[in-house]
Each structure stands twice: as C-alpha cells, then as structure tokens.
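I opened my notebook for a friendly look through this structure. Here is what I looked up, entry by entry.

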Amino acid sequence: MTISDLKQTIPDSIKPKINWSRIEEADDFAKTVKLFRQGKYAEDSFRRYRLQHGAYGTRMTNDYAMVRIKLPAGEIYPDQIEKISQLSEQYSIGSAHFSTRENIQLHWIVLEDVSEIFRGLAEVGLTSREACGNSVRNVMCSPLSGVCPAEEFDSTPYALATARFFLRNPMAQNLPRKFKFNFTCCEKHGMVRMVDVGLIPQIRNIDGTPQRGFKIFLGGGLGNRSFVGHQLEDFTSEEDLLYTSIAVVRIFDRLGDRKNLARNRMRYLVNDMGWDKFQNLVLKERAVVRATQSVVTQLEVDKTPNVIKRPVRISNENGGEIIPDGYARWLKTNTVKQTQEDYRSVFLTLEAGDITASQLHGLSNIIRNFSSEGMARSGFEQNLALRYVHEDDLPNLYSKLIEIGLAKSGALTMTAPIGCSGTTSCNLALTNSHRLAKEIQRKFLELKLDEDDDLSDSSIKISGCPNSCAQHGIATLGFFGGGGHVGKDMYANYQMSIGGRSDGDTMLGQTLLRIPAKRIIPVILKVIEIFKANKKSDDTLKSWIHRVVNGNEDSEIKSLVDIKKILEPLVIPPTIEEDPDFYLDYGSDTSYHTKTGKGECAA
Amino acid sequence: MCCLTNLGKITTDVDTLRSEIRDKSVRVIDVRREVDYKQDHIPTAVNLPLANLLSDDSPERVLKLINSMGIDDETSVVVYDDTFGALASRVAWTLEYLGHSDVTLLETTYSHWKSLGLENDSIVPEVQTREHSMKLHPEILATSDYLENAKTRDDVILIDNRERLNFLEQHIPGAISLPYRTLASNDKILRSKEDMKRLLDNRRITGDSEIITYCGSVGTLSGLAYYALKSAGLPNAKLYARSFKEWKNLEKPTEKQKDANYWDLSAE
Ligand code: HEM
Ligand code: SF4
C-alpha cells in the first residue's frame, strides 16, 4: 500500500465553468520583472505592463505590489477560496481583502513573487489580468442576480459573457482610462448609474413574445468629480447588448481624453460633449458595429441553469435543537429571502473587507456544506454572500460561522461601513480610512445599532482621499480624508457628505462639513440622535435625510444648515496639550502628517 | 554506504520511511512535546522535544543526547514534527552541526501522516546507547558577530523567514522577506525542487551568494529555510540560530517599513 491508496475524502467541490487564467502569463511576468530589475525595461512601460496584469504599486515602496484578483460576476468557488487562503499566507500578510468591485486583493506582495501568485491562481482558473490599468475592469453583477425577488431575469450569464468577450481582447488593452461594467438584478440592488456602463435586465413584450433585454446607463461614475449615468434608450435587446458594448468602448477609445489624466474617464467625455450628442453617436456607432462585425462575434451566453442541490449533511451535530445566542439578530441583519422558496442568501459581515487565511479556509468548507449552488458571490460592500442556503440549515450554518469568527451581525445594515485601503497600503492616502471603518463597525455593533430598522437602509463609506475608491459620494453618510491643523499641529480630518444614494433616485451626497477623524463616531451618533428626535413614524434615516437634502422636511430641521449648526461644536479641535490623542490618526501612535507617493490611478 | 545514498537528500518520503522502519535501518526522532509523543507516534521513534534540546544545546550535551538515542556516525536519522517541519529542521540542523551528515526530514507532518491512516503506536522503544564522534561544522552557523560583518559584503544574502507583517514592522537591515509558509506546498513541508528553484531564482537568491537565514527566536522557521535552500541546490547556507530575539537583545540596529499602517489591513 502506498500513500496514494489512502487519499482523504474531501467533500465534493463544484468546479468553475470558466477558466479565466493563462499560465504563460506567470512565466512572462517573472521574466519581465527580471528584465526590469536589470534595468532592461523602462520604468513607464513596466508600470503599464504590471497594471495590465493586475498588480498595483504599494505605499512608499517599489518592492511590494498589491495583486487584485478578479471575480467576474462575483462568482467564487470553494477551491478558489482555499487557494487564495494559501496564497495569502505564503506571499501576503495572512489576510485577503474583498473590495467593492468583486475583486479580492492581496497586499504587500514582494514584486518578485507576483508571478508565483499568478501560477497559484491559474491552478484554480482565476486571473488578475486587466484588474488594473486602462482596460475593461472586472465585470460586476449583483450578488442577488438569480435570486432577487424583484428581478425580471438573471443577468449573471450576460455578465460572465461580457467579461469573457473583453478579457485579453485587443480592442480593450489600451483605452484612455479604466472602463467598468456593472450588471444588476433590479433598481434597488446595484450601482448602474455610477459606472461607465450599467445594466438592468428587463423583459419586453415585442409582438406578443417576451424578449430579454436591458436598460443601459452610460457615463456615470464617482471620483474627484462624479456624474450620474444616462439611460441610452428604453430597451436594448439581448442581441444588441454586445453591439452596444463594443460601440461604447470604441467611441471611448477614439474620443476619450488621453492627455489630461484627471479628466479621462468616459463620464468627462459624455459631459463635455453633452448627453444628446453622445447618445446619438453611440446609436450610430452601434449601427456600424452591427453592420460590420463578423457573425461569429457573439457573446457566449451560457444559459444552462446552475445545478441546485442541497448538500448532504455529513452529520448534524447540534440536531437543530440548540440555537446559539445572537441567531435571531444575525438572521435579521445578514440574510435575505430568495425568490426560490425555502432558500435564503446569507451575507457575511467582514471588517472593511478583510478576512484571514484561516477564515477563508474554513469558509471554503462551509460553502461546500451549505450552499446548494456550491459557490459564493462577492458583493458591492466588501463582503460575500452564500446563496441557496436552505432555511432548515441556517442555525447550523450560524454555528459554523461562529466557529471561524464570521458570524458577526449587521452585514446588510449601516453598521458595516466601507473603508478603502487608505494609509494601510495606498500611495495616495491621506488618512487611515480602513481602520476608521473598522472602529465604527466595532462601536456600532456594540451599541446594537444593526438591530435598529431605522438605520438599516443607510450606508457609511469612507475614502482615504478625494479619489472615492470607497464610493463615499453615494453613501448616506460619506467621508473622504484630508489633513487639518491647529498652528503647526496636524490631524486627520474628513470631509463629510450626506444623502448620497445609488438606487433609482441616484444622487451624490451634499457636502456638510469637515470632521476630525477622532470625532467621526460622536458626530454620526449625533446625526442619529437628531434624526430620532425629528423623524416621522415610518421614516428611516435614509428617507429622512433625503427629505432634508431636498428641502422637503418640515420639522425643526429644515435644511443641512440646521444639521451643520448642531454638529459644529463637536468638531472644534482641542489643543495638542488638552488632547494629544486627537492628533493621532487611528492605528497610529506617532504624530499625524500627510505623506503621499506617486499615484497609479491614471496609469 | 548509507551516507552515500543519502548524500544531498533533504527529505525522506513517507513510503521510504515506512520501509526503512520495517528494515530497522533508521532512527526516527519525534521532536514534539512529550505528552503528544506518549499518546502516539511513528513506530520505533524516540522523543526529543525541541525545548529539551534547546534548554542546553552546548555540543557536549547534544552529543550525550545523540548517544542516548542510539545514534552513531553511521546511523541514518529521520526527524519529524507537527509544526510544518520547522522544529524538526532545527533538530536536524543541530545534528548536522555536530558532524552527523545522514539526517533527513520526514517530507510531511505527523498530522498528515496520521490523516493518511498510516501506522502509529505508543510504544517507547528500548534504545542501546551508542558512541558518536564530535566534528563541529561551524560553517553552517552564523553568530551575531559573524552576521554583523557579513552583512556588509555584496555576496551575502540575509533572509528573514518570519511572517510578512512582522518583517514590515521590524527586521535586520538589508534582510529580504521570505515567510516560512512560502517554502511549503500542500501536504509537504518543502515544495518540489523545481518549484523551490524557480521561487528563489525569481528572488535572485542564487548559488553565487552565501545565504544566512533567521527568524523570530530560536532558528526553527529559518532552520526550515536552511533546508529549503539546500533542497534547491544552494548548499552555501548558514543558520543564524539565535535569530532576531538575540539581535534585539543585543540592541543591534533594526529597520522598519515606514509611513504605512499595514497592521490595520490584517483581519486578526
Ligand atoms: C487618482 C487615483 C485614483 C482614482 C481617481 C480612483 C478612483 C476609484 C473609484 C472611483 C473607485 C470606485 C469603485 C467603482 O468604480 O465603483 C475605485 C475603486 C478602488 N480603488 Fe481607486 N482610484 C485611484 C487610485 C487608487 C489607488 C492608488 C489604489 C490603491 C492601490 C486604489 C484602490 C482602489 C480599490 C481597492 C478600489 C475598490 C474597487 C475595486 O476592486 O476595483 N485606487 N477607485
Ligand atoms: S480613495 Fe484615495 S486613499 Fe482610498 S484607495 Fe483610493 S486613492 Fe487610495
């Protein structure tokens, strides 16, 4: 008997349908890094090459990179999670990070090890290719697509097909700037107006037969200047999806600003040209594309439904009798009922998207054992959803999540703030937005604010500089970092905005005032207090703020100015002698200074 | 003889060890804690907890330990642990330092051995004391003084095998970071020779240099790295056995990655 006769029994894993990887790219990357280190590759072209392959620079150093792994349509399979767990221990800091665009990021990777990561990813069919740089970035899809009660059909296969079409496609290798597609399920659960191309599935009756198609929004996006996308036409048929996408990418490629780095996203082109003109151009270009593309240019939409099979419980340890403490709270704040009877989607609360290698490892087994579709979907909120969990399995799942420390409540509420990487790794960061998001979460869960129905549809998003990576502009309460000072003494300071939203009534938050980092928690609590004192019975914080922002509120609080007045006393800086802690950013024990390196957003 | 057949071999695979045990041609050392050893272990294994070895690792004492485990100059020795090979490496290295060349690491951990359903028992073997010679190999040891001088040389590479966050926080100036986890592959304590070579080659860790490894305190993680280097055909390696703990106690200079709050990215 040899060891091969004694293989362990591993629960079955569903295999990914699409292999996104190319192993040659690992070798090529390793070679290129060597040439670069030998000075045989120019700095600029190396940087472009590196970004095209999904590796970003890291704060204050050339020796490390961040690798951004794409999860097209957010899909991630157990073996892939297992692999990422391993890679994070081997080459990163023992944690991985879920982003807001369905990517997983590994930080502080030695540049020379990046190719080893590519190799590992290739073993499980994943890639980081075109996750950065001037290309079509990860194609997103709502984590609820396929299970959302409000959707007309599941757009996941279209998102996957679009990702497949553009990945490594010569047409999209050197765009004026990055380009993003977001598919969603319905008006409520997506971010279709804040992206270059946003798509909502819809069915139209055309001559008596139902036809699939999309509502397409173009030219939206967040950043130093943000714009809301415009709807192209009433209905874009399924057949026209690819032609429309190609047409838009081609127009952007031809007319986008390649000189002025700060204004080269497509939204600036749309804005400069005016919507009517741009819309016209797209429709004309599409006619040309339709007439000239080869008939073999098609989206490969795989409509075979996923197999839904409730995993066989190996053993039902707690027999469903003992339900651990906190279950009801978790059920309420972390799960949603699906269209499919008896099934729920379960969202996991992470801290600003961070998850340890051992949690990932545990999670891969939990997915195998609890998700009837055998995979997970990452969401828009630095989080992850297990779908198709049978109602009867929920208490058991909750116990298992407790074991690996992933059973925190509040995933679908305001107590799960988004924080970009900030000074933990980003070259452009002015503040530690990442840690601040974690501090708020810890405090708010302690106060049980996740259980408050009035707060659940609001959001908090924190960026470490004006670049908006955390999408603060569409948050109910948004913050971006900067520096403030009293005399020579500097402190971390945030610009607060209020009333942003990304649903059918998409609008950007209104600038309120600057809040020192160490005053943000009391300020948010104060806003909640003002709201509670003035709300109508069926108001949520979000709906109330919406009224205030639009000047429709008739309580004592007539406008943002009134809120500002109440908050102002809270943000007055003490002197450094009175309160030295005020002058330290979160996570830092040395005095605060803004310090930035060369940014790569425009590269 | 045995020493020739084992020349250059770093690990012993599971099936080979099992047949060597059957042939009684091997001395197996279990370096786990005594309680764990007593519960069960690989048949015929003797117990040498690392802590016991380190409580006094003067050559004289180590020689006595070796003799008492029935090891003479000709004995083929295989060491295993349950901590990804790091503790086993430290023990193997100590034997090597004392002049015992025929020592290898079990390719996997004891847990994995057990999960494969392989033999184990709780019998403590009776061992006949033997006489081992003492021929120290100072060329595989780096002391702090040695390191301090060597660091300034261009042909010396210093490798830190602690986890990345610890490295970023503080390390010996000039060191490069190669976390111990990087050295392993799925069930094996060391990756395959080809994989190891590629990894090191990407990092420009090559045979042209003298390589010194260190870790947090007693040279375990870096002991594993010492064997990783040898497995990739880089024999010119030294272990800084007293590692970073001593370096800090001696208040020698350290370096850190500044202006970044990397700890806050960790989910722990
Ligand atoms: C001027 C430079 C930059 C600008 C204008 C910028 C802008 C943005 C915007 C608007 C988003 C929102 C996500 C969305 O499109 O829905 C985003 C996402 C993101 N950005 Fe940046 N960014 C810049 C540089 C950076 C840098 C240097 C880093 C760190 C290496 C970074 C990390 C991220 C991350 C982690 C996300 C999350 C979404 C993802 O997975 O793609 N950004 N960025
Ligand atoms: S918002 Fe600023 S600090 Fe945050 S990741 Fe983007 S560029 Fe970096």
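**Chain B, then chain A**

I began with chain B, which is divided into domain 1 (6–137) and domain 2 (141–265); the bounds come from an automatic or database domain assignment. I noted that this is a predicted model, where local features need pLDDT of at least 70, side-chain atom pairs count only at pLDDT 80 or more, and totals for chains, interfaces and linings use all residues. Residues are numbered from 1 along each chain as its sequence is written, chains are lettered from A and ligands numbered from 1 in the order in which they are written, and side-chain values use heavy atoms, with hydrogens and water left out.

How far apart do the C-alpha centres of the two domains of chain B lie? I found 24 Å between domain 1 and domain 2 of chain B. Contact (heavy atoms within 4.5 Å) joins 22 residues of domain 1 of chain B to 20 residues of domain 2 of chain B.

Next I turned to chain A. Its C-alpha trace spans about 70 × 65 × 65 Å along the principal axes. Of its 603 residues, 62% are buried, meaning under 20% relative accessible area with a 1.4 Å probe, protein chains only. I also checked contacts in chain A with a separation of 6 or more: residues 24 or more positions apart account for 70% of them.

Last came charges, with Lys and Arg counted as positive, Asp and Glu as negative, and His and the chain ends left out. Each is placed at NZ of Lys, CZ of Arg, CG of Asp or CD of Glu. Chain A has 76 positive and 76 negative charges, and their mean positions are 5 Å apart.

Terms used:
Buried means under 20% relative accessible area, exposed over 50%, partly exposed in between (1.4 Å probe, protein chains only).
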